[in-house]
Amino acid sequence: MKNIPQITDAEWLVMKVLWEESPLGSCDIIKKLNGTTDWKPKTIKTLLSRLVAKRALSYDLARRGYSYYPLVSEDECAKEEAKSFLGRVFNGSLNLFVKNFIENEELSMEEIEELKKLLEDK
């Protein structure tokens, strides 16, 4: 089984850029994050280094510098994050999470029907 790294909220923003389009150089990643964050280029480069160290990203050495690409998919990371969240907040209980969600969220009839269908199809 593939070892999926724990990714911080800041790292998720960088990964989303690369899941959307890759490979990209650090300058391109910085441009894409401009306006969504107030991070300095050095901060983004630090995040890229951390993601490489965690084996979430890798890179090729291109003519104009490093060209980054993801080693893990967004879906894999989302599943791992969901498991981690369930473990931390609901002691690993999916039932407790769903119960809490249903009791505390306003759901439309359409959403309720969709949830019923998902459970029936399971």
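Reply: In this predicted model, 52% of the contacts in the chain with a separation of 6 or more are accounted for by residues 24 or more positions apart. The chain contains six helices and three strands, and along the sequence they follow the pattern α-β-α-α-β-β-α-α-α.

Some overall values come next. The radius of gyration of the chain is 18 Å, whereas a compact globule of 122 residues would have one near 14 Å. The C-alpha trace spans about 55 × 35 × 25 Å along its principal axes. Of the 122 residues, 25% are buried. The chain exposes about 9300 Å², with carbon and sulfur atoms supplying 52% of that area.

The part to look at closely is the packing of helix 1, residues 9–20, against helix 2, residues 26–33. Their axes are 10 Å apart and form an angle of about 110°. Because angles of 65 to 115 degrees count as roughly perpendicular, the two helices fall in that class. Helix 1 contributes Leu-13, Val-14, Val-17 and Leu-18 to the contact, and helix 2 contributes Ile-29, Lys-32 and Leu-33. By class, the residues of this contact are six nonpolar, no polar and one charged.

A separate point concerns Leu-61, which belongs to strand 2, residues 57–62. Leu-61 counts as exposed because its relative accessibility is 67%, and the cut-off for exposed is over 50%. Leu-61 is 36 residues from Gly-25 in sequence, while their C-alpha atoms are 9.6 Å apart in space.

Technical notes:
Residues are numbered from 1 along each chain as its sequence is written. This is a predicted model: local features need pLDDT of at least 70, side-chain atom pairs count only at pLDDT 80 or more; totals for chains, interfaces and linings use all residues. Side-chain values use heavy atoms; hydrogens and water are left out. Axes are lines fitted to C-alpha atoms, for helices over the stretch in contact, and angles run from 0 to 180 degrees between N-to-C directions. Helices (H or I, at least four residues) and strands (E, at least two) are DSSP runs, numbered from the N terminus. Angles under 35 degrees count as roughly parallel, over 145 as roughly antiparallel, 65 to 115 as roughly perpendicular and the rest as oblique. Contact means heavy atoms within 4.5 Å. Ala, Val, Leu, Ile, Met, Phe, Trp, Tyr, Cys and Pro count as nonpolar, Asp, Glu, Lys and Arg as charged, and the others, Gly among them, as polar. Buried means under 20% relative accessible area, exposed over 50%, partly exposed in between (1.4 Å probe, protein chains only). The radius of gyration is taken over C-alpha atoms; the globule rule is 2.2 Å times the number of residues to the power 0.38. Accessible areas come from the Shrake-Rupley method with a 1.4 Å probe; for residues, only the protein chains shown count as cover.
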